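Biologist: Hi! Could you walk me through this one?
Modeller: Happy to, let me bring it up.

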Number of protein chains: 2
Amino acid sequence: MGRVGPVTLVEVARAAGVSTTTASAALRNSGRVSARTRELVEQTAARMRYSPNTAARSLRGARTGAIGLHLPEILTRSEYFMSFVLGVVDEAGAQDLDVVLITGRHAGSDGRFHRVDGLVLGDPLATDPVAARIMAADIPVVTCERYPGPGSAAGVVLSDHGAMLTELLDHLLAAGARRPALLASSSVSDWGATLQRAFLEWCRGHDCPPILRELPYGATSEVVRETVGSLLVTDPGMDALVCAPDGSAVAALPALREAGRAVGTDLLLAACVDSTPQQHSDPPITAIDLRPREAGAASARLLLDIIAGRAPHGTEQVLPIGLDVRASTRGG
Amino acid sequence: MGRVGPVTLVEVARAAGVSTTTASAALRNSGRVSARTRELVEQTAARMRYSPNTAARSLRGARTGAIGLHLPEILTRSEYFMSFVLGVVDEAGAQDLDVVLITGRHAGSDGRFHRVDGLVLGDPLATDPVAARIMAADIPVVTCERYPGPGSAAGVVLSDHGAMLTELLDHLLAAGARRPALLASSSVSDWGATLQRAFLEWCRGHDCPPILRELPYGATSEVVRETVGSLLVTDPGMDALVCAPDGSAVAALPALREAGRAVGTDLLLAACVDSTPQQHSDPPITAIDLRPREAGAASARLLLDIIAGRAPHGTEQVLPIGLDVRASTRGG
DNA sequence: ATGAAAGCGCTAACAC
DNA sequence: GTGTTAGCGCTTTCAT
């Protein structure tokens, strides 16, 4: 006797004394029903605690009501990506869409993604097989930063990291640094590669020999410290250090101290990704603010615009980023 | 002429010269079809790049193929939660399920969650309205740590934080600390409340006046520093500081230094949540390792077991946690 | 402005 | 061992 399972549209319609068609239209504001009817149906639905079955809805339409989100797993320790995720969820939620996390398993062996209407790729790596499958799939994709592999996304959200690094290097120069070094991030991401290019370019334009060390993704703090240590030995003239990998600036700090360098005066230190710990390290570290939450929201918004046909394929959107100058680059 | 949309089961069946039922069974290993037929269908499906429509599947069955995951937004900056998420995704992916991130918007105003078969709640706060709606919903829920509000979850994954804090305090005592203080986390989470209780209990047992300051969730580093500063003024005899909120130990460090305390000798410092920056701060900070990735995986596994009927409702699972002793509690 | 009916792709009864 | 048929709950023509 007792009902089993959730209330269906048919039941609501019956209770309201209208057809399912009318009930459906009323609940979706289809402008088809009279105000009176709509109100009646809405109240009936509310009273019966009706909520639409999304599976049925997406079976009928061609929409799943969800977008996928893939992040390079190796990077997921970072605060940057957590904020990015929140941005995506914010924006998707505002349009009543779910966000499904995509890992290696989800890319069906056939390379199809039935469960989502589109995909967001956060900072895709050239070496990530999941990213490659996603890019090859026949589904709208928005990447945050360009995908460095073959193929192109339906949309791209990016920032001018080259210009920002140049600005940072100019700032260091103004603070007295003549021999900046770059602790670079791997060039398998577009971001990492762009920073390396911009650095080399700047050095060429300022007649200083480029001091650059590339760290692989996921390098531990130990590796960072060792690398910084060796940098101090091979290039003792270095008077500024720009750290690209998230967390590497904080990790570099003790190594610089041990070598007897006074950070902020004797040696300037800056980071290419901001994070809470480096705002409160001693001294606080100057950093580029990538605005990850905004980037996540913008990526989701662009994807949804493309899916809905409000934005054309191939759209590229540039997001402003900022530079937070702190004590670590005050200068002597 | 050209096909539109993805290949359907009907098409595969037709191409293979069998009925849709047989095709369906063959692709799901239902043990109904002959090995020969199954192979035929599988190859046909693969050739046609068929992949099942999950919307249709969940409409027919009563499964959505996804679980929801809700985290207290205020905490999402922390590395702990990022790891927790990865644990959940790992485990769900292993069982071919999607993970949908649940925010305020998703809890349909009616309190139903059609899009998921169950929900994981990471460290639910008594004050979180979304958590409350989830707990009230008619759907299996597993919480990581107990839900401090009314109602009870179908399953709980937890650790013995009280015992671990006691162990930590004993360690501090052995290292010479006689007057430990607790920078407590808000008691709106079960974890935060448990730590406060255990601390007070320990103090009572060791005849020392409890020095305790509670920080609200999401307290900024500035607030942490101010609180530590005031603690040093009001309780100058304090010789050890245990910091509960994620990130607060690192933030406390400069405040302690400014006050002229030598961390690791003069004053011992420890954290209740581990994170990368504090492993490499100067000095490295002793911390409780909550094993968040394991906790996430265990939560998802328990949820799936409950949904599948492999585990009874009301199951509680205790997860071991660890203590990583570092230089900050070496002692004088 | 409203209703009847078809059908999205799949799986579970029920035949044979 | 395999095929036929009836829906899952919804949206969408097409009538009225």
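Biologist: How do helix 7 of chain B and helix 8 of chain B lie to each other: parallel, perpendicular or oblique?
Modeller: This is a predicted model. In it, helix 7 (residues 161-174) of chain B and helix 8 (residues 190-205) of chain B pack at an angle of about 45°, and they are therefore oblique to each other. Their axes are 9 Å apart.

Biologist: And is the crossing of helix 7 of chain B with helix 8 of chain B right-handed or left-handed?
Modeller: Helix 7 of chain B passes helix 8 of chain B in a right-handed crossing.

Biologist: Which residues meet there?
Modeller: From helix 7 of chain B you have H161(B), G162(B), L165(B), T166(B) and L169(B). They meet residues of helix 8 of chain B, including W191(B), L195(B), F199(B) and W202(B). By class, that contact has seven nonpolar, four polar and one charged residues.

Biologist: OK, what about helix 9 of chain B and helix 10 of chain B, at what angle do they cross?
Modeller: Helix 9 (residues 221-234) of chain B and helix 10 (residues 248-258) of chain B cross at roughly 50°, and their axes come within 8 Å. These two are therefore oblique to each other, and the crossing is right-handed. Among the residues making the contact are V224(B) and V228(B) of helix 9 of chain B, with A251(B) and A255(B) of helix 10 of chain B. The contact divides into seven nonpolar, three polar and one charged.

Biologist: Switching topic: how many residues does each chain put into the contact between chain A and chain B?
Modeller: The contact takes 42 residues from chain A and 42 residues from chain B. On the chain A side, helix 4, helix 5 (79-94), strand 2 (98-101), helix 10 (248-258) and helix 11 (276-279) each supply at least two residues. That side has 15 nonpolar, 16 polar and eleven charged residues.

Biologist: In what sense does strand 2 of chain A pair with strand 2 of chain B?
Modeller: They pair in the antiparallel sense, over three bridges. There, V100(A) stands opposite V100(B).

Biologist: Last one, the DNA. Which residues come nearest to DNA strand D?
Modeller: Of the 26 residues around DNA strand D, the nearest are L9(A), A56(A), S19(B), T21(B) and T22(B).

Biologist: And which helix gives the most to that surface near DNA strand D?
Modeller: Helix 4 of chain A does, with four residues. Helix 1 (9-16) of chain A and helix 2 (20-27) of chain B are among those that each supply at least two. The surface divides into eight nonpolar, 13 polar and five charged residues.

Methods: Residues numbered from 1 in each chain as written. Chains lettered and ligands numbered in written order. Predicted model: local features only at pLDDT ≥ 70, side-chain atom pairs only at ≥ 80, totals over all residues. Axes fitted to C-alpha atoms, helices over the stretch in contact; angles between N-to-C directions. Parallel < 35°, antiparallel > 145°, perpendicular 65-115°, else oblique. Left-handed = near helix turned anticlockwise from the far one by under 90°. Contact = placed C-beta atoms within 7 Å. Nonpolar A, V, L, I, M, F, W, Y, C, P; charged D, E, K, R; others polar. Near = placed C-beta within 6 Å. Pairing = 2+ DSSP bridges.
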